[in-house]
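Student: I have a structure open and would like to learn how to read it. Could we go through some features, one at a time?

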Amino acid sequence: MTSLLRFIAVVSLVLAAAINSTASVFVIPVETEIDLSAFHHFKKALGEAHENDSRLIIVKLNTFGGALDAADSIRTAIMREPLPTVAFVDVNAASAGALIALACDSVYMAPGSSMGSATVVNGAGEPMPEKYQSYMSTMMRATAEHHGKVLENDTLVWRRNPEIAASMVNPEISVSLTSEQAVACGYADGVAAGIPDILKSLDMADAGVQYYKSTLGDDILGFLSNAAVRAVLIMLILGGIYMEMHTPGLGFAAAVSVVAAILYFLPMLISGGMPGWALLAFIAGVILIVLEIFVIPGFGVCGISGIIAILASIIGAMVNSDSVTGVDFGAVRNALIIVGVGSAMALASILFLTSKYGPKFVRKHSELMTELKNSDGFVGVDMGPAKYIGQIATTVTEMRPAGKIEVGSHVFDAVSTGAFILAHRRVKIKKYENAQLYVEENEE
């Protein structure tokens with residue numbers, strides 16, 4: 001019995017040591033510009049945290065911000081996360097970084113770090129119009145209110161004052177908080193020199209810590225999720241489809257369009273954020289365009305419907321399922337902007353490639369730019385005589401059935417459509433085909 005108890009005790013110690021050594025704390029670094037690539041990495045990291053049975057997620061921040069839609073997606077993911085989340089502002093959490101920090105359950109800041117200045121600016125660093133500031137201000141306020149109220153001196157007060165969050169977006173004030181100021185106003189729960197200090201204050205000093213590390217595949221998918229890269233891929237998809245519809249057979253343009261489409265949809269298919277209808281719409285669009293090219297002559301309903309279906313799928317694919325509940329008009333707006341830029345680039349590329357300045361190999365194989373030269377055996381047809389159809393002429397010679405007719409002061413070769421016609425008779429010009437006028441005797 002004593003041996004059994006000793007064995008159980010040893011096993012218990014081993015299991016306890018194993019439990020303590022597991023990585024129960026998962027750290028997600030956000031230390032680059034916040035864009036769709038950053039969101040892809042963040043979503044992947046959350047999945048790894050759950051796979052590792054983590055008990056706490058720490059978001060390590062050192063960023064000046066970035067794209068508002070990507071930051072909103074990260075914010076939404078944090079607010080929906082069932083595990084407790086802690087933001088650690090290592091150096092700086094500005095603009096979109098402040099929004100992410102504010103979404104976490106707790107905030108710790110390193111000495112000398114800062115958080116705030118959430119004014120929306122353009123690429124030149126200038127404040128965007130008021131509607132953008134208002135949207136960001138509302139988002140910051142709502143995120144602060146998400147953490148609810150606490151009882152203080154027998155009075156319910158906001159745990160994080162929404163007015164401070166909103167003031168971070170004011171271009172005239174652009175509030176930023178130091179670590180000490182953030183603690184004083186309740187926006188930070190403490191000052192910590194590093195993650196070990198945070199864990200110590202949370203009574204988790206012995207917990208194992210694991211950092212998210214992106215793989216090469218993650219980096220590639222993140223790169224393909226970048227808005228600029230998506231615009232380029234859209235340009236290649238649309239431009240390739242257009243060029244293929246005006247080029248005989250299947251060739252280089254079709255290959256470019258197919259590869260670009262695969263690269264465009266791949267990140268969303270792998271992440272699972274792509275609506276099923278978007279993929280079905282793209283397949284239907286491709287089928288309609290194939291029918292237009294190989295089955296139905298000309299360019300009509302099938303071709304137009306196919307292009308509309310493809311554009312709808314491209315836009316719908318970017319409105320991922322991790323957005324705010326319901327219709328995310330912000331994500332739709334950003335998708336429309338990206339598609340608009342990609343379409344404009346496609347149009348500009350087509351105009352250049354099919355112009356006299358474009359590469360010769362493109363012009364050579366494009367029906368739009370193929371020049372039919374007489375030296376190559378092509379004969380041009382003068383369509384000028386077609387204007388005389390319906391007019392009355394006079395036969396200059398007998399029509400047996402070919403001969404000559406005179407219209408005004410012009411003499412043309414012509415062919416009788418019926419019986420032979422004597423010279424100096426009035427005839428009516430009926431049609432112009434194969435560079436030849438056809439006449440019949442006028443009985444009026």
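Tutor: We can start with one residue. Lys60 lies in strand β2, which covers residues 56–63. Keep in mind that the model is predicted.

Student: Which side chain does the side chain of Lys60 make a polar contact with?

Tutor: That of Asp90, at 3.2 Å. Asp90 is also one of the residues in contact with Lys60 once neighbours within four places in sequence are left aside.

Student: Now a helix, please. How does one check the length of α13?

Tutor: Compare the distance from its first C-alpha to its last with the span expected at 1.5 Å a residue. Helix α13 has 18 residues and reaches 26 Å, close to the expected 26 Å.

Student: Which residues of α13 are buried?

Tutor: Among them are Cys302, Gly303, Gly306, Ala309, Ile310 and Ser313. The general idea is that an α-helix has 3.6 residues a turn, so residues three or four places apart point the same way.

Student: What about Ile307, is it buried or partly exposed?

Tutor: Ile307 is in α13, which runs over residues 301–318. Its relative accessibility is 30%, so Ile307 counts as partly exposed. The C-alpha atom of Ile307 is 8.8 Å from that of Ile241, although the two are 66 residues apart along the chain.

Student: Where does the surface have a nonpolar patch?

Tutor: Look at the patch of about 930 Å², made by residues including Leu269, Leu279, Ile283, Ile287, Val290 and Phe294. Helix α12, residues 276–294, gives the largest share of the patch, 8 residues.

Student: How exposed is Ile287?

Tutor: Ile287 is found in α12. Its relative accessible area is 48%, so Ile287 is partly exposed.

Student: How many helices and strands are in the protein chain?

Tutor: There are 15 helices and 15 strands. Of the 444 residues in the chain, 42% are buried. The accessible surface comes to about 23700 Å², and carbon and sulfur atoms account for 62% of that surface.

Student: What share of contacts joins residues 24 or more positions apart?

Tutor: Count the contacts with a separation of 6 or more: 65% of them are between residues 24 or more positions apart.

Terms used:
Residues are numbered from 1 along each chain as its sequence is written. This is a predicted model: local features need pLDDT of at least 70, side-chain atom pairs count only at pLDDT 80 or more; totals for chains, interfaces and linings use all residues. Side-chain values use heavy atoms; hydrogens and water are left out. Patches are made of residues with over 30% relative accessible area and no salt bridge: like charges are joined within 9 Å, nonpolar side chains (Val, Leu, Ile, Met, Phe, Trp, Tyr) within 5 Å. Accessible areas come from the Shrake-Rupley method with a 1.4 Å probe; for residues, only the protein chains shown count as cover. A salt bridge is a side-chain nitrogen of Lys or Arg within 4 Å of a carboxyl oxygen of Asp or Glu. Helices (H or I, at least four residues) and strands (E, at least two) are DSSP runs, numbered from the N terminus. Buried means under 20% relative accessible area, exposed over 50%, partly exposed in between (1.4 Å probe, protein chains only). Contact means heavy atoms within 4.5 Å. The expected span of a helix is 1.5 Å times one less than its number of residues. A polar contact is a pair of N or O atoms within 3.5 Å; within protein, one must be able to donate a hydrogen and the other to accept it, and residues adjacent in sequence count only if both atoms are side-chain atoms.
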